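Dear colleague,

Please find below the structure that I am handing over to you. My notes on it follow directly after the sequence and coordinates.

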Amino acid sequence: MNPNRAFNPPAAVNPTKPMSPARATAPPRARLRTAIAVEAAKLQRSLALLLALVAPALIAVFVFFNLLRLQTAPEWDITLKGAAAIWAFFMLPMSVTALTALLAQTEHSVRSWDYLRALPLPRWHLYAAKAVSVLAVVAAMSLALAALTLPAIYGASWIKPAIAPTGSVDIAGFLWLLTRIYLAAWLLIAIQLWIALRYASFVPALATGIGGTFFAVVATSAQIGQILPWQIPVNQLAADPARAQIALAIGLFGGVLMLALMLWRLGRREWV
């Protein structure tokens, strides 16, 4: 190699070299789809998919052994709502905390934000791809919870027929409950993702998630639970339908607004 030869960085990171016509004229939707596809490829090489399986599997295992220790048969409705309560009350907020920190650290740990932000696409596309990935993984975890909980119940019932749940099993109602919990968690997801992307260290995101979950546990019946992001999902199990609807509206629409603010704010930053 000639030591006197000047080094020319790649076009993606060279602001003085014009981008190719194909990249420059690509429609915004195509560039956003590309960013999402790249993020999906990163997911396949990370521990996020393992987390997406382990978290709901732990709940299914708990339900399985909890049924085996019973002496009388519970109702199907109570059993399924119990699994959903564990998910919404503790496992969901902790999983979101770990997931958002994990996805953000794929860039923070190798300091690749400077390179990514020099690519010929709007900066907010990078963060939108992260948001889509997190929402997709959490949705997959909700489906996995349903797919693993039902076999766990049937398995425990086969081993110990005396504790087989009574009544009719409402699978559609269980799926709808998990859907409401997922939609109500959008505000929680947006807050955790924003913090994880904003700070290079994973400590602020973890501290926020752990602290939020702690206050959600100790303030279960408090009135502030309707607006506390870490407690909003579990409000979908409230006996008062009005409380559940208010919490769902705050969680969903508040999450959409928070995600929009995150994309606007981070897209204007010169560093992360």
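The model is predicted, so local features are given only where pLDDT is at least 70 and side-chain atom pairs only at pLDDT 80 or more, whereas totals for chains, interfaces and linings use all residues. Residues are numbered from 1 along each chain as its sequence is written, and side-chain values use heavy atoms, with hydrogens and water left out.

The chain as a whole

The secondary structure consists of 10 helices and zero strands, where helices (H or I, at least four residues) and strands (E, at least two) are DSSP runs numbered from the N terminus. Along the sequence the pattern reads α-α-α-α-α-α-α-α-α-α. Of the 272 residues in the chain, 44% are buried; buried means under 20% relative accessible area, exposed over 50%, and partly exposed in between (1.4 Å probe, protein chains only). The accessible surface comes to about 14300 Å², and carbon and sulfur atoms account for 70% of that area; such areas come from the Shrake-Rupley method with a 1.4 Å probe, and for residues only the protein chains shown count as cover. Contact means heavy atoms within 4.5 Å. Among contacts between residues at least 6 apart in sequence, 79% join residues at least 24 apart.

Helices H6 and H7

Helix H6 (residues 123–159) packs against helix H7 (residues 171–184) at an angle of about 150 degrees, and their axes are 10 Å apart. Axes are lines fitted to C-alpha atoms, for helices over the stretch in contact, and angles run from 0 to 180 degrees between N-to-C directions. H6 is therefore roughly antiparallel to H7; angles under 35 degrees count as roughly parallel, over 145 as roughly antiparallel, 65 to 115 as roughly perpendicular and the rest as oblique. The two helices cross in a right-handed sense: a crossing is right-handed if the near helix is turned clockwise from the far one by less than a right angle, and left-handed if anticlockwise. On the H6 side the contact includes Leu135, Val138, Ser142 and Leu150, and on the H7 side Ile171, Phe174, Leu178 and Tyr182 are among the residues involved. By class, this contact has 11 nonpolar, one polar and no charged residues; Ala, Val, Leu, Ile, Met, Phe, Trp, Tyr, Cys and Pro count as nonpolar, Asp, Glu, Lys and Arg as charged, and the others, Gly among them, as polar.

Ser142, in helix H6, counts as buried because its relative accessibility is 7%. Leaving aside residues up to four places away in sequence, Ser142 touches Trp87, Leu178 and Tyr182. Ile171, in helix H7, counts as partly exposed at 39% relative accessibility. Its C-alpha atom is separated by 8.9 Å from that of Leu150, 21 residues away along the chain.

Helices H8 and H10

The axes of helix H8 (residues 186–198) and H10 come within 6 Å and cross at roughly 20 degrees, which means that H8 is roughly parallel to H10. This crossing is left-handed. H8 contributes residues including Trp186, Ile191 and Trp194, while H10 contributes, among them, Gly251, Gly254, Gly255 and Arg265. The contact has 15 nonpolar, three polar and one charged residues.

A loop residue

Ile232 lies in the loop between helix H9 (203–218) and helix H10 (241–268). With a relative accessibility of 0%, Ile232 counts as buried. Ile232 and Ala88 are 144 residues apart in sequence, yet 8.6 Å apart in space from C-alpha to C-alpha.

With kind regards
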